[in-house]
Amino acid sequence: MPFYSKIMDEGAAASALASSAKAKTRKPKPTLISRIHAFFHAMNRKPLLKQTLITFSLFCVLYALFNAFFNPSLDADTTAATTTVRSAILAAAGGGGRGGSPPVKVYLYDLPHRFTYGVIQQHSLARGARAPHTVSSLKYPGHQHMAEWYLFSDLTRPDSERSGSPVVRVVDPEEADLFFVPFFSSLSLIVNPIRPAGSGPGPEKPAYSDEENQEALVEWLEAQEYWKRSNGRDHVIVASDPNAMYRVLDRVRNCVLLVADFGRLRPDQGSLVKDVVVPYSHRIRSYDGDVSVENRKTLLFFMGNRYRKEGGKIRDILFQVLEKEEDVIIKHGAQSRESRRAASQGMHTSKFCLHPAGDTPSACRLFDAIVSLCIPVIVSDNIELPFEDTIDYKKIALFVDTDSSIKPGYLVSKLRAVTPKRILKYQKELKEVKRYFEYEEPDGTVNEIWRQVSKKLPLIKLMINREKRLLKREADCSCICTNQTAFRTL
């Protein structure tokens, strides 16, 4: 054997012996079981309290890992239960607001009788009823702008019946964050029955004047200490009928106005920034059944006044385009008990419900459709919708621009192209959000309106403090008044 081969063989043998020795001394890689065993061995030297806490933490981690790997489908019920428990803990720790935030304190003005129950009484008398003996016998009449009644009733209920509300009523105005003015402005507007067209003026002046009541209310408010203190900025007034408070809007424009839309308001009177859009009170029976395509034979349904002013002129054109289409029901009908029954039947058995603009961009039929699980088809270019920070309306409605909607065949073709699977998805989304449009639901419309109002509080405080330090009163309302409903893309 050559010399160099001998050296190489000896070196290889030495290297092999060294590797064998190193392999014998190398520690094996610890397993999960060995680590847990070492953990509990080390824990024996810890105090009892620490041992307990560490054991509990380890159990939670192992439980989470087990569910993640071996039971991944367990999500909906567990998440709901976890959320419920967490909400309860936060509420107990931090008050009645969402996320544990303390509820906003609201002072309910004790207005003179003429502005509250007096309006109900006048409405009843104008329709031939006898004068009631007591206030408790007065009943607020049903109509599409009942937010004013539901909010007032909510604040007059005992605290035990208002659990989960984002606001709490206080009896001391010094404690209040906001001041609620319970004037029934929408009911006041319709106290005097509308005379038939061409009937001319009545023989004598009506006993009730909405305009006089509006002005009397503002005079009363302007005399109040807390109105003067903030120039009305921390006051909340319901004006949900588009014509409500029209005589005095310039004198109450600093308030938080609760409106159905901004169709009759100038940009310096109302805006999304300072005000709240509230739903109409639905006037038909809510649908309590399950989602379905088979039980809804009609493709598209509409029942309402064919002839409207301003943006509502689109209705007459839509009637002409749609009235001869197959599977489409489009009827002229005024507000009446019989019409509401027919509308309930029609909406409950239709896949889509048409919502064209009325005299203003919004109308009651949109909310009738939502509680009927009838997919709204909205033809109203400038509409504003309630609770858009909570509800994504693209998930529950179809939006069609006015110009496209009046093209013959366009709207019907678009609706027929929607698959049954997609219709069911719309219906499920509608069912999820329906409670936001139910004024009598315990955690429904009323609580959501209060949540929206509560969110205005930081801006209200900012504007009050800002006005205190301004040396010169500005002519306009600065940056808080903007009512742009369309956004220009760059």
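Two strands count as paired if DSSP finds at least two bridges between them; helices (H or I, at least four residues) and strands (E, at least two) are DSSP runs, numbered from the N terminus. The views below come from a predicted model, in which local features need pLDDT of at least 70, side-chain atom pairs count only at pLDDT 80 or more, and totals for chains, interfaces and linings use all residues. Residues are numbered from 1 along each chain as its sequence is written, and side-chain values use heavy atoms, leaving out hydrogens and water.

**View 1. An open sheet of six strands, in parallel pairing.** Follow the order β2-β1-β3-β4-β5-β6. At the edges stand β2 (167-170) and β6 (276-277), each with a single partner strand, so one side of each has no neighbour in the sheet.

**View 2. Strands β3 and β4 pair in the parallel sense.** Three bridges link β3 (residues 178-181) to β4 (residues 235-238). Look for Phe 179, which stands opposite His 235 in β4.

**View 3. Gln 427 in helix α16 (residues 420-433).** Gln 427 is buried, with a relative accessible area of 1% (buried means under 20%, exposed over 50%, partly exposed in between, with a 1.4 Å probe and protein chains only). A polar atom of its side chain lies 2.8 Å from the backbone nitrogen of Ser 292.

**View 4. The largest nonpolar core, with 107 residues.** Such a core is a set of buried Ala, Val, Leu, Ile, Met, Phe, Trp, Tyr and Cys residues joined through side-chain atoms within 4.5 Å. Phe 180 and Met 245 are among the residues with the most contacts inside this core. Helix α6 (residues 147-156) gives the most to it, with six residues.

How values were computed:
A polar contact is a pair of N or O atoms within 3.5 Å; within protein, one must be able to donate a hydrogen and the other to accept it, and residues adjacent in sequence count only if both atoms are side-chain atoms.
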